[in-house]
Amino acid sequence: MMRDRLDRDKIEELIRQAQESYRNAYAPYSQYPVGAAILFASQRIFCGCNVENASYGLTICAERNAIFQGIATGERLLRAVAIAVPTPDPAYPCGACRQVMREFAQDCPVFLVSGDGRRIETNLDALLPHAFGPEFKQGQGE
Ligand SMILES: [Zn+2]
């Protein structure tokens, strides 16, 4: 299983960066800051926070913000995801973010962290079972 090769220190670093990232969230409308950190196959970590907009529908989640930053620098494979919030309960990623994660990983560990440090450890396949992914597009004209 992929998890076995995940360095424990790297996971701690990933969670720490997710916790730092929610401090930069721009969430004046929801007052619900979220931070995400993504460990990519290169072992680089990219971070993101939610960025809201007066035109609400333009808001981007922390998870997609972080993933897209990695993709923009050439990353293509997620190794682990951490999502942190300051609230008493950890937050699960929304459906859109689960689908975007699935574009860049068949499966990977996902760590959800609350404001007091409580953790839920799950994985992408559990969050988005029977997923539609890029492999279904193979064979279609490129
Ligand atoms: Zn989302």
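Mentor: A crossing is called left-handed if the near helix is turned anticlockwise from the far one by less than a right angle, and right-handed if clockwise. Please keep in mind that this is a predicted model, in which local features need pLDDT of at least 70 and side-chain atom pairs count only at pLDDT 80 or more, while totals for chains, interfaces and linings use all residues. Residues are numbered from 1 along each chain as its sequence is written, and side-chain values use heavy atoms, with hydrogens and water left out.

Trainee: OK, so in which sense does α2 pass α3?
Mentor: α2 passes α3 in a left-handed crossing. Helices here are DSSP runs of H or I with at least four residues, strands are runs of E with at least two, and both are numbered from the N terminus.

Trainee: And what is the angle between α2 and α3?
Mentor: Helix α2, residues 62–72, packs against helix α3, residues 95–103, at about 25°, and their axes are 9 Å apart. The two helices are therefore roughly parallel to each other, a label used for angles under 35 degrees, with over 145 being roughly antiparallel, 65 to 115 roughly perpendicular and the rest oblique.

Trainee: Which residues make the contact?
Mentor: On α2 they are E63, R64, I67 and F68, and on α3 they are A96, C97, V100 and M101, where contact means heavy atoms within 4.5 Å.

Trainee: Is C97 buried or exposed?
Mentor: C97 is buried, with a relative accessible area of 0%, whereas C94 is partly exposed at 31%. Buried means under 20% relative accessible area, exposed means over 50%, and partly exposed lies in between (1.4 Å probe, protein chains only).

Trainee: What covers the buried residues of α3?
Mentor: The cover includes α2, β3 (78–84) and α4 (124–127).

Trainee: Switching topic, where is I11 found?
Mentor: I11 is found in helix α1, residues 8–21, and is buried at 2%. Leaving out residues up to four places away in sequence, I11 touches L6 and F111. The C-alpha atoms of I11 and F111 are separated by 8.7 Å, although the two residues are 100 residues apart along the chain.

Terms used: Axes fitted to C-alpha atoms, helices over the stretch in contact; angles between N-to-C directions.
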